[in-house]
Amino acid sequence: MEWEAVIGLEVHAQLNTKSKIFSGSATNYGAMPNTQICDIDIGLPGVLPVLNMEAVHKAITFGVAIGAQINDQSVFARKNYFYPDLPKGYQISQFELPIVGVGHLDITLEDGRSRRIGVTRAHLEEDAGKSLHEDFQGLSGIDLNRAGIPLLEIVSEPDIRTAKEAVAYLKTLHNLVRYINICDGNMQEGSFRCDANVSVRPKGQEKFGTRTETKNLNSFRFVERAINYEIERQIEVIESGGVIMQETRLFNADTNETKMMRSKEDANDYRYFPDPDLLPVRVTAEQIRQIKSTLPELPAEKQQRFVDDLHLSTDTATTLVSNKALADYFETGLKAAPEHGQLVANWVIGELLGALNKASLDITQCPIPAEHIGTLVARIIDKTISTKIAKTVFETMFNGEGTPDEIIEAKGLKQVTDTAEIEKMVDEIITQFPEQLADYRSGKDKLFGFFVGQAMKASKGKANPAQLNEILKTKLQN
Amino acid sequence: MAITNDEVKKIAQLAGLQVTEADIATYADNLSNILNLVGQMDNADTSEVKPMAHPFDNSARLRADVVSEQDQRDALLAIAPETESGLYLVPKVIEE
């Protein structure tokens with residue numbers, strides 16, 4: 001039988017506010033344990049939460065960016081459960097009335113096809129603390145620095161059909177939250193986390209199968225592996241006559257398997273109710289209009305502009321906008337060679353990303369200022385240097401040895417375009433290799449390359465290649 | 001409206017309370033009585049009664065995104081029964 005998977009994703013994005021969602025504690029990652037907590041975060045009796053306006057602003061910004069309905073009134077609710085890293089015994093979240101309603105995200109698949117994935121909702125909530133289970137003689141250590149960091153939980157519709165689509169959706173979302181500056185997107189540090197709901201059904205059947213939820217997928221690779229494992233596991237269970245149980249599973253990155261964590265029967269009954277400490281959040285149309293008008297250019301818009309205005313290929317544009325820092329780098333570099341977008345892009349995507357990759361650096365750690373890449377391209381265009389020499393200049397720049405013009409000057413790399421000078425050089429070469437010359441003239445055309453090589457070598461690579469070819473051809477024939 | 005013994009057990013489990021088998025029937029009885037009292041109130045005709053003052057027409061006061069808290073770890077750890085290396089220590093809980 002042919003099977004089809006139905007996948008929905010829940011993403012928890014930590015909002016990059018300076019202070020927590022309901023208190024004035026700091027939110028820096030990696031601080032010493034429990035140094036960024038206060039009476040509100042640890043749930044002391046009698047304290048009252050006060051909502052951070054920046055968290056609300058960022059949630060609305062996200063809603064606007066995905067074309068979602070922003071609810072003019074949203075309500076915080078208590079989600080009740082006991083766990084040591086949740087000091088109050090409840091998490092403040094939103095349940096019936098989330099701040100962001102139905103929206104959508106357009107994703108591009110590997111084969112270039114585009115798909116629209118629905119976003120059911122996005123709501124504000126507080127993060128929990130961290131439990132450390134090692135090294136405490138049978139006890140667990142609790143660090144509450146993370147407790148109260150604002151989260152935006154983004155829930156997709158079950159519109160996704162393959163692990164690859166899931167990854168494309170996540171990457172698009174990950175890129176978007178960084179473009180609109182609401183989340184730093186650092187997956188290793190847990191700023192952007194994903195749970196996957198997966199079920200399978202016979203192809204063509206409308207009714208959904210029973211789904212499982214796999215938690216804590218903190219890299220794109222893990223998401224793909226976990227979903228593929230879960231799809232195969234479920235098909236195998238059903239085909240061998242079994243039944244899928246609704247349950248929560250954990251992904252193990254070492255074995256590439258998911259394992260049952262708890263079943264539906266043990267599942268918590270969260271007994272949500274409106275938090276009496278917090279009044280409803282109201283958002284005005286004026287507020288939404290204002291946020292809309294200050295929204296930065298979104299990845300999809302930027303890509304379109306790169307193709308339409310700068311005449312970049314779709315592939316190039318896609319690569320550039322896939323990372324805001326990379327797109328910014330390209331646009332800064334472009335200023336020095338505004339008419340040559342594709343060439344600047346080729347240098348950025350080809351040479352630069354290659355060199356960064358080799359040095360295990362990312363674009364934000366790039367040793368070459370963007371302006372210098374633009375200047376380098378401008379020097380190729382104005383024929384100061386050849387493309388080949390440009391690579392030498394590039395390598396020198398990458399080692400931090402100055403601007404393109406300084407390097408060209410200091411190393412004497414300026415291209416030789418003086419016809420008389422090249423002719424002189426060619427004459428010398430021809431007299432140096434009389435045998436090859438005779439062979440060439442008797443029909444060994446391949447030797448042309450030999451002469452080009454020798455002449456280039458004599459010019460230390462600085463002869464203008466087109467001119468050199470031209471002159472050589474004429475001289476060899478005479 | 002009656003609360004069953006099983007519901008008492010479920011509520012106790014969710015609330016993290018230890019209830020002895022002997023007490024369950026009493027709790028079921030008490031909880032049922034409370035619900036019945038609320039049920040009685042439901043029967044009162046309040047269609048002509050104006051609601052008392054309530055805050056629900058107000059909206060949340062928001063605060064600016066400013067770090068206003070200092071590190072007060074020593075004081076906040078001192079009130080806990082057990083700590084180590086700046087962490088609160090609790091009985092081990094790992095969901096299996």
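Predicted model: local features only at pLDDT ≥ 70, side-chain atom pairs only at ≥ 80, totals over all residues.
Residues are numbered from 1 along each chain as its sequence is written, chains are lettered from A in the order in which they are written, and side-chain values use heavy atoms, with hydrogens and water left out.

Within the pairing of the two chains, Gly141(A) stands opposite Leu89(B) of strand 3 of chain B. The open sheet has four strands in the order 8(A)-9(A)-3(B)-2(B), with antiparallel pairing. Strand 8 (130–132) of chain A and strand 2 (83–84) of chain B stand at the edges with a single partner strand each, so one side of each has no neighbour in the sheet. In chain B, strands 2 and 3 run antiparallel and are joined by two bridges; Glu84(B) has Leu87(B) in strand 3 as its bridge partner.

Contact (heavy atoms within 4.5 Å) involves 47 residues of chain A and 40 residues of chain B. The buried area, defined as the accessible area (1.4 Å probe) that two parts lose on being put together, summed over both, is about 3,700 Å², and carbon and sulfur atoms give 59% of this area. One salt bridge is counted between the chains, the criterion being a side-chain nitrogen of Lys or Arg within 4 Å of a carboxyl oxygen of Asp or Glu. Asp269(A) and Lys10(B) form a salt bridge, with the closest N and O atoms 3.5 Å apart. Polar contacts (a pair of N or O atoms within 3.5 Å; within protein, one able to donate a hydrogen and the other to accept it, and residues adjacent in sequence counting only if both atoms are side-chain atoms) link 21 residue pairs across the interface, both residues at pLDDT 80 or more. On the side of chain A that touches chain B, strand 9 of chain A gives the most, with five residues.

Asp41(A) lies in the loop between strand 1 (3–14) and strand 2 of chain A. The side chains of Asp41(A) and Ser25(A) make a polar contact of 2.6 Å.

Definitions and conventions:
Pairing = 2+ DSSP bridges.
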